[in-house]
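Subject: Structure for you to look at

Hello,

Here is the structure I said I would pass on. Please open it beside this email and find each residue as you read.

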Amino acid sequence: MSERNGIVRIGVYVCHCGTNIAAIVDCKAVAEYAGGLYHVTVSRDYKYLCSDPGQELIRQDIRDHKLNRIVVASCSPHLHEHTFRTAAEGAGLNAFYVHMVNIREHNSWVHENREAATKKAQDMVRAAVRRVVFHQSLEKVRVPVHPDVLVVGGGIAGIHAALTLANAGKKVYLVERQPTIGGHMAMFDKTFPTLDCAACILTPKMSSVKAHPNITLWAHSDVTKVEGYVGNYKVEVARRPRYINEDLCSGCLECIEACVYKEPKFIDEFNMGLGKRKPIYIPFPQAVPQMPLIDIDTCIQFKSGKCKKTCVQACGDRHAIDFSQKEEIRNIEVGTIIMATGFKAFDARRTPYYGYGTYPNVYTSLEVERLVNASGPTAGDVVLRDGRKPKTVGIIHCVGSRDEGTNRWCSRVCCMYSLKLAHLLKEHTDAEIFNFYIDIRTPGKGFEEFYQRLLSEGVHFIRGRVAEVTDWALDPTEENKLVLRVEDTLLGTVRRIPVDMVVLSVGIEPHEDAQDVRRLFNFGCGSEGFFLERHPKLAPVSTFTDGIFVAGCCQGPKDIPDTVAQAGAAAAEALALIDTGFVEQEPNTAYVIEDECSGCKTCVPMCPYSAVYFNADTKRAGIHQVLCKGCGTCVAACPSGSIKQHLFEDDQIFEEIEGVLTYA
Amino acid sequence: MPENYEPKIVAFFCNWCTYLAADLAGTSRMKYAANTRVIRVMCSGRVDPQFVLEAFAKGADGVLIGGCHPGDCHYQEGNYKALRRYYLLKRTLREMGIEEERFRLEWISAAEGDRVRTVVNDMVQKLRALGPRKMNPAIEPELEEVAAS
């Protein structure tokens with residue numbers, strides 16, 4: 001075998017990773033064992049191979065011992081393959097002569113028996129030594145990166161990422177599902193812990209998005225198709241009809257005023273159903289784009305076709321209202337994608353024991369945000385659904401969070417927004433406020449200080465998980481009240497607290513269609529449905545799909561400052577790719593040995609990318625190298641073995657199989 | 001059965017889901033049996049049936065293929081191709097006298113480190129109960145011929 005590839009001189013390096021590996025695997029024994037294997041010229045163990053001296057050790061050995069293959073037994077190749085390939089290149093060796101053996105994640109961290117773990121490491125190293133003999137020099141493939149960026153989701157994360165990129169001179173497409181950008185933040189009244197008004201800090205950014213020459217904003221639109229790969233994504237966006245021509249609409253909103261419905265009559269989604277809107281409406285006064293839309297489920301013209309169309313009359317010669325508007329498909333090319341699709345608030349109906357939906361005076365936190373908001377359905381006047389002003393309010397923390405029955409995670413923001421709502425409700429109504437909490441979590445700048453402030457404002461805190469909310473009065477003080485039954489774990493007793501209003505601090509959940517969305521874009525999701533980052537610490541905004549980044553609550557619960565920071569980081573990652581101008585791809589593509597191909601065409605339908613073709617002239621299969629993504633499915637399917645895959649050659653894998661199984 | 005018999009499992013894990021799940025199991029320090037030898041492939045669709053036969057021929061007690069969940073394949077549908085081959089190969093192996101428990105295909109996503117632990121432990125337990133692999137005597141010579149070539 002060695003004749004084919006010249007004289008093979010292998011260097012084997014076994015890393016201790018401090019004690020991470022060495023504590024379980026006898027690294028010295030593995031190195032000694034490897035030293036006795038065929039073709040191995042040098043074999044060493046070393047404390048930290050990824051360190052500068054560790055890499056230098058490899059480089060020096062390559063020079064001194066004329067090594068032409070390197071096996072590094074250390075951590076996952078996903079972590080340090082790049083490091084060791086670069087090290088080898090530094091000594092003039094082609095990067096693809098390096099192979100890594102994972103003896104940390106797949107060995108020392110998951111096993112307890114030193115003997116078995118060492119044996120396993122030896123098996124794996126032996127397999128690698130046999131494999132690298134068949135390695136070949138390969139060239140990395142460089143593909144250009146398209147400079148445009150797609151940002152999916154127009155909440156604060158998407159807005160911040162889009163503006164950062166646009167300010168750096170990049171062209172950005174911002175696609176938002178709702179008729180306006182702003183996301184959940186636009187619904188908030190004040191933001192914790194500074195109590196600055198959410199709209200005051202958000203709406204200027206929303207306007208800049210609309211006004212920015214580098215941003216193309218498509219609200220009320222969905223991404224329907226994504227193809228391609230890092231640097232070269234082809235995306236199809238469906239722009240749902242608003243029934244308003246955006247080029248002609250001046251945003252005067254006279255059509256809303258003129259609607260045949262004199263009074264708003266239909267449930268207003270933006271105000272969580274607490275307010276009413278007309279069939280032609282704008283979600284909220286500062287909505288961007290500043291343009292109405294028509295709800296075809298309630299508009300008389302759409303339902304019966306017999307409306308007086310007073311809106312059209314009001315619009316006059318602007319002719320912006322277009323009942324025949326159809327969905328428009330736009331196709332764009334972008335190099336990178338930022339996912340900022342946000343979250344869904346927990347549906348409080350899933351905790352029926354808290355009475356949401358049964359008792360009108362049980363509210364969710366988002367509803368209360370609208371209720372205390374000056375531009376909300378009651379203009380900031382806190383009145384209950386039955387018209388009373390609450391004199392006592394109970395705020396239940398962790399609804400749909402830290403709960404085995406619903407969601408196990410902590411939603412991170414509920415403690416703080418509950419404190420904020422307690423403050424605001426007290427300010428608006430001077431009511432007596434009870435917080436029911438499991439733990440108060442205030443890890444953030446100024447958070448603990450805000451909690452202390454609330455304590456001094458006389459808000460009550462009861463430590464205990466509320467069992468149920470009922471309207472059953474046991475004594476006259478409970479008449480016409482909602483009664484919270486709770487075990488006060490500090491007093492060690494069960495208490496009944498009668499209140500006028502109950503606020504459920506609902507947690508953060510992934511969107512219901514999060515799985516569909518990430519399948520569309522082809523990246524990973526955790527089991528709970530939040531988008532999976534490439535590395536929780538070192539690549540927190542990257543995904544396993546190159547060129548796609550995540551920001552905000554779609555990746556996991558977080559507050560506004562963290563969301564903005566993450567959006568900035570995602571934008572920076574995209575910028576780094578764009579400004580480099582190209583990406584280097586693994587040359588793990590498949591190729592056909594034409595002389596051996598019988599032209600049976602088995603491989604052709606295997607390829608989802610149409611990279612495999614049949615050449616009718618030569619009656620042989622061929623593979624477009626640019627289209628091949630390197631999965632190797634066609635390689636495995638070829639009956640004559642005439643398709644091969646760089647880096648995963650049959651020879652290499654057969655050697656690995658034999659290598660792990662040989663009892664030496 | 002020899003004393004302290006430890007079955008050897010050759011595991012083909014796809015780069016994007018199961019290999020990462022095994023990485024996650026490591027990062028989370030989940031403990032499982034040390035009987036697997038993982039061979040990384042880009043996609044479960046890359047697993048040539050010959051790899052599996054070769055592994056059995058060279059003495060593996062079990063072969064485990066790990067891929068992305070249906071619909072989640074990094075390469076769109078490589079895992080479906082793996083599934084088709086798996087069913088066909090399973091029949092062939094049965095005729096060779098290789099018990100069903102010895103050849104397994106599992107969908108394990110990058111987030112399911114715990115599943116790597118359960119699947120490996122479960123497989124090891126079943127293989128221990130089965131004992132070392134015995135060949136179907138009727139076809140043993142034929143198989144040896146394959147192994148020798």
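This is a predicted model: local features need pLDDT of at least 70, side-chain atom pairs count only at pLDDT 80 or more; totals for chains, interfaces and linings use all residues.

The interface

The size of an interface is often given as the accessible area lost when the parts come together. Here chain A and chain B bury about 4500 Å² between them, and 58% of that area is on carbon and sulfur atoms. Three residues, His106(A), Trp109(A) and Leu661(A), supply 14% of the area that chain A buries against chain B, which is more than any other three residues. The contact involves 54 residues of chain A and 52 residues of chain B.

Between the two chains there are 22 residue pairs in polar contact. Several helices of chain A give two or more residues to the side that touches chain B, among them H3 (77-90), H5 (114-132) and H17 (650-661). Helix H17(A) makes the largest share, with eight residues. Sorted by class, this side of chain A has 23 nonpolar, 17 polar and 14 charged residues.

Salt bridges between the chains

Side chains of opposite charge can pair when their charged atoms come close. Seven salt bridges cross the interface of chain A and chain B. One of them is between Glu658(A) and Lys58(B), at 3.1 Å from N to O.

Another is between Asp72(B) and Arg519(A), with the closest N and O atoms 2.4 Å apart. Asp72(B) sits in the loop between strand S3 (62-67) and helix H3 (78-95) of chain B, while Arg519(A) belongs to helix H14 of chain A, so this pair joins two chains. Are the two partners buried or partly exposed? Asp72(B) has a relative accessible area of 13%, under the 20% cut-off, and is therefore buried. Arg519(A), at 37%, is partly exposed.

There is also a network: Lys119(A), Asp123(A), Arg126(A), Lys8(B) and Arg37(B) are joined by salt bridges that share partners.

Salt bridges within chain A

The whole structure has 59 salt bridges over all chains. In one of them, Glu584(A) pairs with Lys140(A), the closest N and O atoms being 3.7 Å apart. The two residues are 444 residues apart and so link distant parts of the chain: Glu584(A) is in strand S30 (residues 582-585), and Lys140(A) is in the loop between H5 and strand S5 (141-144). Glu584(A) is partly exposed at 42% relative accessibility, and Lys140(A) is partly exposed at 28%.

Arg277(A) and Glu269(A) also form a salt bridge, at 2.9 Å from N to O. Arg277(A) is buried, with 7% relative accessibility, whereas Glu269(A) is partly exposed at 46%.

Backbone details

Where are the cis peptide bonds? One runs from Phe192(A) to Pro193(A), with omega near -15 degrees. Pro193(A) is in the loop between strand S8 (190-191) and strand S9 (196-197) of chain A. Another runs from Val288(A) to Pro289(A), with omega near 0 degrees. Pro289(A) is in the loop between strands S15 (280-281) and S16 (293-294) of chain A.

Arg402(A) is not a glycine, yet its phi is positive, about 50 degrees. Arg402(A) lies in the loop between strand S21 (392-399) and helix H12 (414-429) of chain A, and is partly exposed at 23%. Lys619(A) is not a glycine either and has a positive phi of about 55 degrees. Lys619(A) is in the loop between strands S32 (612-615) and S33 (620-623) of chain A, and at 52% relative accessibility counts as exposed.

Regards

Definitions and conventions:
Residues are numbered from 1 along each chain as its sequence is written. Chains are lettered from A and ligands numbered from 1 in the order in which they are written. Side-chain values use heavy atoms; hydrogens and water are left out. Contact means heavy atoms within 4.5 Å. Buried area is the accessible area (1.4 Å probe) that two parts lose on being put together, summed over both. A salt bridge is a side-chain nitrogen of Lys or Arg within 4 Å of a carboxyl oxygen of Asp or Glu. A polar contact is a pair of N or O atoms within 3.5 Å; within protein, one must be able to donate a hydrogen and the other to accept it, and residues adjacent in sequence count only if both atoms are side-chain atoms. Helices (H or I, at least four residues) and strands (E, at least two) are DSSP runs, numbered from the N terminus. Ala, Val, Leu, Ile, Met, Phe, Trp, Tyr, Cys and Pro count as nonpolar, Asp, Glu, Lys and Arg as charged, and the others, Gly among them, as polar. Buried means under 20% relative accessible area, exposed over 50%, partly exposed in between (1.4 Å probe, protein chains only).
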